[in-house]
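Look at the structure below with two topics in mind.

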Amino acid sequence: MKARLLLALGINPHRRGVGSFWIKMAQYVVGSLELLLLFTPYVRTLGHLPKVDLMVVGAQKAGTTWLDAQLRISRVCRLPDIKELHHFDRGRCWTLRRYLRQLGRATVIEIAPDYGPLSVWRIHAMRRLFPDMKVAMILRHPAERDWSGLRMEMGFDSGQPLGDVPVAAMLGYLKSRRGRRYSDYSTHIARWSAVFGRENLLLVPFDDIARDPAGVVGRVLSHAGLDAEAPVISPEPVFTGEARDPPPAVAAFLNRRARAQIAKLPTRWAERWDRQLQALPSGKSLYICGFCPNDRSTSSGQKLAHRKITEMAKQFAQVDVIYFRNKLDRLDPQPANWPTNVRILTDFEVGPKQRIVGALRWPHLPKFASARRWAAGRLIGRLVESADYRAFYADFSQGAGAIPEAALPLFEFRQHDVVSKLYDRMADQRPMLRLEAFLTRRWEQRVWSRVAQVTTLSEEDAAEIAAFCVEARAEPVSGTVAIAKPAPVSGRIIFWGNMARAENEDAAVRLVNDILPRVKMVVPDAHVWIVGAHPTERVQELASGAVTVTGFIDDPAPVLATAAVAAVPLKLGSGVKIKVLETLEGGIPTVVSPVGGEGIPDHPLLTRVLDDGAMADAIIDILAAQSVPAAKNDMREMANGGTQLASTEMVEKKCSVPPASVAAMSNVPVGAAQWTASASRSAGAPEVPI
């Protein structure tokens with residue numbers, strides 16, 4: 001705990017011989033208070049200030065020690081007797097007067113490697129003292145610098161062999177504030193340029209030290225306004241530390257983060273550094289999935305998980321998979337069609353027993369996390385200690401819940417949806433879920449801040465998570481059902497999804513009972529098709545002459561193509577609704593509620609509405625636009641009260657679509673109370689998705 005606190009404050013707890021923690025804290029507080037006084041006339045009391053011509057800032061392990069030695073040999077300028085005064089970041093000189101006495105009166109260059117990440121107000125305070133100062137910054141490849149800094153901090157400074165440091169601990173350090181702040185070059189450049197001006201900032205590539213050491217020294221002296229002709233330099237090479245390759249998982253993390261950092265810099269840096277990113281050898285990866293990844297599943301999330309594993313199988317020599325099965329997964333056929341290099345290590349059942357025991361063991365965790373951790377936590381804990389794996393991946397919040405907290409820094413985590421939102425919405429109907437929503441929200445924020453990388457399915461979720469984890473990024477996905485060409489049937493409204501899910505059942509019931517009667521008052525031939533496997537008893541009871549419940553369909557694409565409009569009146573659930581992406585990609589006009597359109601970018605065929613009444617109006621407009629002009633006029637007259645029919649009469653009106661043509665398209669018989677589902681795919685009672 002103490003080590004984490006020190007790292008959060010930017011202090012290396014492994015340092016020896018620099019003074020106790022309390023002395024450092026006192027120096028930091030006293031030095032910071034005096035820097036704040038520089039924004040008042042206090043600066044005048046300091047008397048005649050020495051002139052600092054150049055401040056060399058940057059980060060540890062970026063060649064500052066080598067440059068300091070070369071400038072001292074050149075004797076062209078004066079440097080403080082101590083290489084790193086550390087007054088503007090740590091207050092190590094206690095007072096400004098003691099700091100200024102270190103500089104003397106001659107031309108001065110100070111080299112301070114930790115000044116790169118200084119906050120803006122500290123840089124402004126520095127300019128209050130030295131308004132004409134120029135700045136030089138040495139930039140080393142982010143992945144190389146971070147790995148070199150980690151070796152120094154966790155190996156050399158701690159006095160233990162780096163080989164004894166767990167990989168999860170290495171990634172935990174890299175994720176810490178101290179581990180990530182030094183290589184955020186775009187932020188450093190922006191801050192120093194904003195205060196001192198971009199023309200006064202010299203960027204020196206670390207690679208040039210090996211290629212042209214004399215040229216680097218000459219450029220630095222010239223930037224300071226000093227004689228830079230034929231500088232005297234020592235043949236001593238820059239010390240880069242012990243040559244040692246990072247573990248595969250650490251190398252993958254460093255490369256991923258370096259690419260994101262380099263992308264923010266000017267193009268010339270990308271051209272210089274991209275070729276230096278390590279080409280990692282193909283190895284093994286470990287994939288933890290919260291549900292059953294299945295290309296034959298009736299839920300889109302499980303199909304996306306199967307797709308992700310298939311993609312990873314092209315990148316790695318072997319992908320080891322652990323997954324969990326809950327009540328809904330058991331309704332689907334077992335997964336098949338795995339690539340040959342995908343190995344299913346094991347699968348775990350998640351039921352009442354695991355939920356009860358997990359909740360007793362970890363009452364502070366949400367039930368979906370404690371149940372899976374009880375089932376698989378020990379096995380995953382043993383696997384992550386293996387040096388064989390190059391990458392670790394967790395899919396769904398439920399998959400991350402199974403991972404011991406100490407191992408979270410190893411994992412890239414895909415958050416399909418923010419589960420706390422789901423519980424918040426369900427708590428409106430079931431208040432007992434408010435505690436679960438609270439536990440989930442707290443758990444999610446802790447996981448986001450600890451894992452190596454967070455990806456989401458939408459920019460909206462990424463923006464929310466970014467408040468807790470700077471690594472959050474969106475990874476947009478496409479639908480899992482391809483609709484080749486729309487063949488709309490007049491008046492047909494389709495809602496589709498896994499009907500065993502509580503949110504889909506609720507939406508289907510409201511679509512039929514609340515929205516359809518309003519539509520039929522204006523569009524008499526309007527009828528609803530509820531398409532999806534495992535319809536519950538409530539959904540089956542909706543079937544009538546104007547409502548078709550299909551049950552499971554092997555290939556839903558031809559049926560979806562017959563939709564004149566797709567309606568998604570969801571009030572429960574969270575995250576991106578893949579069903580919306582699929583209908584939009586298939587060219588079908590789609591009307592969504594706020595929850596149904598969550599995370600979906602704007603689209604010409606997408607209509608967003610706020611409530612059921614607005615959804616009925618939007619559906620009427622779309623159906624009217626597809627009708628012949630005469631029918632449109634009749635509909636307008638009916639909407640204006642000219643020939644309105646009673647809503648009850650309209651609900652009882654039969655669907656006017658010829659049954660033979662529908663059956664030919666979808667292979668599903670049409671009847672007054674139809675639904676088809678085999679015994680192996682029988683309806684299941686809705687449950688909270690765990």
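What follows goes from ring pairs to charges over rings and then to helix pairs.

This is a predicted model: local features need pLDDT of at least 70, side-chain atom pairs count only at pLDDT 80 or more, and totals for chains, interfaces and linings use all residues. Residues are numbered from 1 along each chain as its sequence is written, and side-chain values use heavy atoms, with hydrogens and water left out.

Start with the rings. A search of the whole structure finds eleven aromatic pairs. Rings of Phe, Tyr and Trp (its six-membered ring) pair if their centres lie within 6.5 Å; planes under 30 degrees apart count as stacked, over 60 as edge-to-face and the rest as tilted. Among the pairs is Phe-88 with Tyr-99, which is edge-to-face, at 5.2 Å centre to centre and 85 degrees between the planes. Phe-88 lies in helix H4 (residues 87-90) and Tyr-99 in helix H5 (residues 96-103), so this pair ties together parts that are eleven residues apart in sequence. Helices (H or I, at least four residues) and strands (E, at least two) are DSSP runs, numbered from the N terminus. Both Phe-88 and Tyr-99 are buried (under 20% relative accessible area; exposed is over 50%, partly exposed in between; 1.4 Å probe, protein chains only). Together with Tyr-115, Phe-88 and Tyr-99 form one aromatic cluster.

Now move to Phe-291 and Phe-396. Their pair is edge-to-face too, at 4.9 Å centre to centre and 90 degrees between the planes. Phe-291 sits in the loop between strand S5 (284-289) and helix H15 (300-313), and Phe-396 in helix H19 (residues 396-401), so the pair ties together parts that are 105 residues apart in sequence. Phe-291 counts as buried because its relative accessibility is 8%. Phe-396 counts as buried at 7%.

Arg-372 lies over the face of Phe-291, at 5.2 Å from the ring centre. The test is NZ of Lys or CZ of Arg within 6 Å of the ring centre and within 35 degrees of the ring normal. Arg-373 lies over the face of Trp-362, at 5.8 Å from the ring centre.

Helix H8 (residues 167-175) and helix H13 (residues 248-262) pack at an angle of about 20 degrees, their axes 10 Å apart. Axes are lines fitted to C-alpha atoms, for helices over the stretch in contact (heavy atoms within 4.5 Å), and angles run from 0 to 180 degrees between N-to-C directions. H8 and H13 are therefore roughly parallel to each other (under 35 degrees; over 145 is roughly antiparallel, 65 to 115 roughly perpendicular, the rest oblique). The contact includes Met-170 and Leu-174 of H8 and Phe-253 of H13.
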